[in-house]
Amino acid sequence: MKDVNASPVNASIVNARPVNDESARVGQAGAGPGNAVTDANAAPAVAVPFAGKRVPRLGMGTMALAIEGRPDRNTAIGTIHAALDAGVRYLDTAWSYYLPSVPGADGTGVAADFGYGELLVRDALASWDGPRDEVLVATKTGYRRTIDVTPDGPRTPNEPEEETSSPDVPGAHITHIGESAEHPEFPAPAGTSAPVPNASGEPPAQSRQRLQAAGSRYGWMADSRPETMIRDAKESARHLGVDALDLLYSHGPDPSVPYEETVGALKTLLDEGVIRYAGVSRVNNEQIDVAHAMLGDGLIAVQNQFSPSHPDPEGTMAHCAALGLDFVCWSPLGGFLDPVDARAYEPFKRVAAARGCSYQRVVLAWEMTRYDRLFTIPSARNPHEIRDSFSATGMRLEDDELALLDAGVAGR
Ligand SMILES: NC(=O)c1ccc[n+]([C@@H]2O[C@H](COP(=O)([O-])OP(=O)(O)OC[C@H]3O[C@@H](n4cnc5c(N)ncnc54)[C@H](OP(=O)(O)O)[C@@H]3O)[C@@H](O)[C@H]2O)c1
């Protein structure tokens with residue numbers, strides 16, 4: 001067990017891995033074709049073990065390439081190629097990265113969009129001329145988005161769930177619920193081992209619909225029933241064109257499914273060889289303990305929200321360190337769907353101004369000092385941004401800079 005500093009926002013939760021360790025180096029920050037991003041402090045990224053591969057601690061989240069506000073497909077593939085050329089070796093996607101039918105921005109609601117995010121990653125890798133086998137692809141199941149695959153339009157929350165086949169993916173089934181959602185920014189429900197208490201005593205399926213309808217804004221919702229998880233994971237493997245998924249996360253707890261059942265689905269998938277490693281996302285410490293106890297060495301990572309504006313108040317990163325688990329931070333730059341508390345980023349902007357670089361690069365470099373098994377996975381919607389972000393792998397923050405940043409985050 002590592003020596004864990006109890007405060008989640010202290011300068012070093014566990015010792016940061018030295019840049020010059022024996023690990024393999026990947027890519028060359030700032031050296032990609034057409035790359036205008038250079039940094040005098042940048043060094044080749046160090047690759048560390050993760051899910052059976054060796055990858056730098058800065059990967060790429062591909063959500064922004066697949067949901068509202070996404071660029072056209074060629075730009076999206078070019079952005080993934082730019083990431084891989086720069087040295088990114090971890091791509092993060094999800095079964096549920098497609099456009100919702102309701103609600104959503106103009107132009108959404110196309111059933112043919114189902115599977116878009118995973119198919120994008122598959123096609124980007126297939127058309128990349130680099131070492132595909134070095135790339136770790138992680139995906140998630142247990143979330144879905146509203147998608148209208150009926151000619152009559154979306155159902156209402158009160159209509160019963162039913163399964164429909166996707167017209168685009170053979171064998172695909174979508175459990176569709178009308179205007180229901182859980183937005184990714186919403187905190188995971190507290191408690192782990194039982195459905196959220198329901199004063200009216202309604203059955204879990206209705207409870208799920210009611211809870212999700214209450215949070216409807218971007219068309220996300222949890223459906224982490226074991227049968228859904230197992231079916232979707234197999235579909236994800238088909239989307240990604242692999243026999244076994246490198247790493248599969250439970251996307252998030254479902255208020256109407258005991259967490260043990262959701263984790264049980266991951267265990268089944270491990271036992272059946274559908275996935276090589278398991279992770280859990282949007283979890284509190286109690287849920288991490290459940291997954292750790294049930295999955296043993298099969299559980300390697302927790303993916304939780306972490307950034308200067310969301311600095312892990314529950315201390316899940318320190319808990320991961322105590323259990324020897326990797327920590328992957330989602331929305332590491334605060335996300336792009338909702339406004340963030342800009343004050344949280346002021347110290348980062350000051351450091352960035354002094355260095356003459358983007359503050360996003362400073363944020364990502366700071367995150368990697370939190371824990372030597374932390375992986376950060378920023379999204380990007382164009383090649384420039386991901387090259388810039390990746391160069392954070394070569395940024396060594398000085399002690400006085402770290403002190404300023406730590407004080408700024410802790411003082412909020
Ligand atoms: N497990 C979960 O429930 C969950 C939830 C959310 C996200 N995630 C994962 O986390 C990943 C990242 O989170 P996120 O997409 O919410 O947002 P994020 O990475 O916090 O923010 C991404 C946005 O920041 C801007 N940006 C990125 N790099 C930049 C740079 N170098 N300079 C300037 N601006 C930059 C871009 O916005 P513009 O395009 O507007 O410039 C980009 O879309 C997702 O792709 C997904 O894989 C997981």
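Strand 2 (residues 45-50) and strand 3 (residues 53-56) run antiparallel and are joined by four bridges. Strands here are DSSP runs of E with at least two residues, and helices are runs of H or I with at least four, numbered from the N terminus. Two strands pair if DSSP finds at least two bridges between them. Within this pair, Val 48 stands opposite Val 55 in strand 3. The hairpin has two residues between the strands, and Ala 51 takes a positive phi near 50 degrees in it.

The model is predicted: local features need pLDDT of at least 70 and side-chain atom pairs count only at pLDDT 80 or more, while totals for chains, interfaces and linings use all residues. Residues are numbered from 1 along each chain as its sequence is written.

The chain as a whole has 11 helices and 15 strands. Of its 412 residues, 52% are buried; a residue is buried if 20 or more other C-beta atoms lie within 10 Å of its own, exposed if 12 or fewer, and partly exposed in between, with C-beta atoms placed from the backbone. Among contacts with a separation of 6 or more, 77% link residues 24 or more positions apart. Two residues are in contact if their C-beta atoms, placed from the backbone, lie within 7 Å.

An open sheet of eight strands shows parallel pairing in the order 4-5-6-11-12-13-14-15. Its edge strands, strand 4 (60-61) and strand 15 (374-376), each pair on one side only. Strand 5 (residues 90-92) and strand 6 (residues 136-141) run parallel and are joined by three bridges, and Asp 92 stands opposite Ala 138 in strand 6.

| Strand pair | Direction | Bridges |
|---|---|---|
| Strand 2 (residues 45-50) and strand 3 (residues 53-56) | antiparallel | four bridges |
| Strand 5 (residues 90-92) and strand 6 (residues 136-141) | parallel | three bridges |

The axes of helix 4 (residues 226-240) and helix 5 (residues 259-271) come within 8 Å and cross at roughly 35 degrees. These axes are lines fitted to C-alpha atoms over the stretch in contact, and angles run from 0 to 180 degrees between N-to-C directions. Helix 4 contributes Pro 226, Met 229, Ile 230 and Ala 233 to the contact, and helix 5 contributes Glu 261, Thr 262, Gly 264, Ala 265, Thr 268 and Leu 269.

Helix 7 (residues 316-323) is mostly covered, with six of its eight residues buried. These are Thr 316, Met 317, Ala 318, His 319, Cys 320 and Ala 321. They pack against helix 6 (285-295), strand 13 (299-305) and strand 14 (326-330). Just after helix 7, Gly 324 takes a positive phi of about 75 degrees.

Tyr 359 lies in helix 9 (residues 359-367). Tyr 359 counts as partly exposed because it has 19 C-beta neighbours inside 10 Å. Leaving aside residues up to four places away in sequence, Tyr 359 touches Tyr 345, Phe 348, Lys 349 and Ala 352. The C-alpha atoms of Tyr 359 and Leu 333 are separated by 9.6 Å, and the two residues lie 26 residues apart along the chain.

Leu 333 is also one of the residues that come nearest to the ligand, together with Gly 61, Met 63, Trp 330 and Ser 379, out of 28 residues around the ligand. A residue is near a molecule if its C-beta atom, placed from the backbone, lies within 6 Å of it. Helix 10 (residues 383-390) supplies the largest share of this shell, three residues.
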